[in-house]
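Dear colleague,

I am handing over the structure below, and my notes on it follow. Please read them with the model open beside you.

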Amino acid sequence: MNSFGYRFRITLFGESHGPLIGVVIDGIPPGLPLSQGDFVQDLNRRKSGQPGTTPRYEEDLPLIKAGLYRGKCTGAPLVILFENRDFSSKDYEPFTDIPRPGHADFTAKVKYKGYNDSRGGGMFSGRLTTALVAAGVVAKKIIAPVNVSASLLEAGGSEKIEETVRQAVEAGDSVGGLIECLADQVPAGLGNPFFDSLESLLAHAVFSIPGIKGIEFGSGFHSAEMRGSEHNDCLKDKEGHTLTNHSGGVNGGITNGNPLLFRVAVKPTPTITLPQETVNIATSRMEMLRGTGRHDACFALRVPVIVEAMTAVVLADYLLP
Ligand SMILES: Cc1cc2nc3c(=O)[nH]c(=O)nc-3n(C[C@H](O)[C@H](O)[C@H](O)COP(=O)(O)O)c2cc1C
């Protein structure tokens, strides 16, 4: 549904063009210090502004409405809201009858029987990831000294990110990207052998971010081409540190004391200004659709901090007593 986690549990709500979005976070240890200022750095990393991102500008001021008293978390659910101010819903009207290829316009309509708030992609908008980043800020405090950092390695298959994004913008098209995430100082022993393996919960969390199409741990898909003698990570001490990290820090679904390492594939933005032929579901006729409204030509630019947030949320769940 719209909640994730066991001991550290987040619940997401709101729509892109509704009055607000937000998150309820349950399981925060009482006494954890928290202020609005703690959110600034990570929220700024998700904000639009750089070339290839949407001109929609939101202030992203976290309004902490419950669970905080005199600068400390109380242990009751923490409620954080973000107001939506900069939106233009009329740009999205064509997508009611002509669902955008690659977006969730069609699936949302089917699942919610047409009652969904489709303005600006509704709940399927990247806007909601603001609340995920806020949850990540709290989770990062809980998991310290474990440190999570993610960065964009490539856009559209090229390390020349700026140039590739600029070319996509000029063409009225979009590009995706490849993100690498590393968590260090992760203690050995977190995870489970089967259903709640660390990889499966991380994949669950990361695939909850809109537009993610792949995740691979360590040498990932390349492992299929390697020999055991090449892939095996030989131990160099009794703490379990290894000479290589083809496993990405996980064996048997359990952290092995080496850095957690994974890569995430982000797809190209569905909304593009280039015309595409697709069906009008009101008339059953094929029509040319040109993406209107403001959109990111490469939303992957904004995703690293969201991947960090979801990683921290998973690790907080395991690290809380
Ligand atoms: C930060 C962020 C910003 C996004 N911006 C846009 C956008 O401007 N236009 C768009 O069509 N999709 C955008 N997306 C992607 C859609 O939200 C996503 O493709 C859509 O919900 C369909 O989900 P799926 O790609 O997981 O199938 C964005 C995603 C994120 C995480």
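In what follows, a residue is called buried if 20 or more other C-beta atoms lie within 10 Å of its own, exposed if 12 or fewer do, and partly exposed in between, with C-beta atoms placed from the backbone. Helices (H or I, at least four residues) and strands (E, at least two) are DSSP runs, numbered from the N terminus. This is a predicted model, in which local features need pLDDT of at least 70 and side-chain atom pairs count only at pLDDT 80 or more, while totals for chains, interfaces and linings use all residues. Residues are numbered from 1 along each chain as its sequence is written.

In the loop between α4 and β8 (147-155) lies P145, and the peptide bond that joins A144 to P145 is cis, with omega about 10°.

Helix α8 is largely enclosed by the rest of the structure, because 15 of its 16 residues are buried. From its first C-alpha to its last α8 reaches 22 Å, close to the 22 Å expected.

Helix α6 (residues 198-207) packs with α8 (residues 304-319) at an angle of about 140°, their axes being 9 Å apart; here axes are lines fitted to C-alpha atoms, for helices over the stretch in contact, and angles run from 0 to 180 degrees between N-to-C directions. The contact, which counts residues whose C-beta atoms, placed from the backbone, lie within 7 Å, is made by L201, L202, A205 and V206 of α6 together with V307, M310, T311, V313 and V314 of α8. These residues divide into eight nonpolar, one polar and no charged, where Ala, Val, Leu, Ile, Met, Phe, Trp, Tyr, Cys and Pro count as nonpolar, Asp, Glu, Lys and Arg as charged, and the others, Gly among them, as polar.

Two loop residues also deserve a look. R70, in the loop between β5 (68-69) and β6 (72-73), has a positive phi of about 50° although it is not a glycine, and R70 is exposed, with 6 other C-beta atoms within 10 Å. S284, in the loop between β14 (276-280) and β15 (285-289), likewise has a positive phi, of about 60°, without being a glycine.

With best regards

Conventions: Contact = placed C-beta atoms within 7 Å. Expected span 1.5 Å × (residues − 1).
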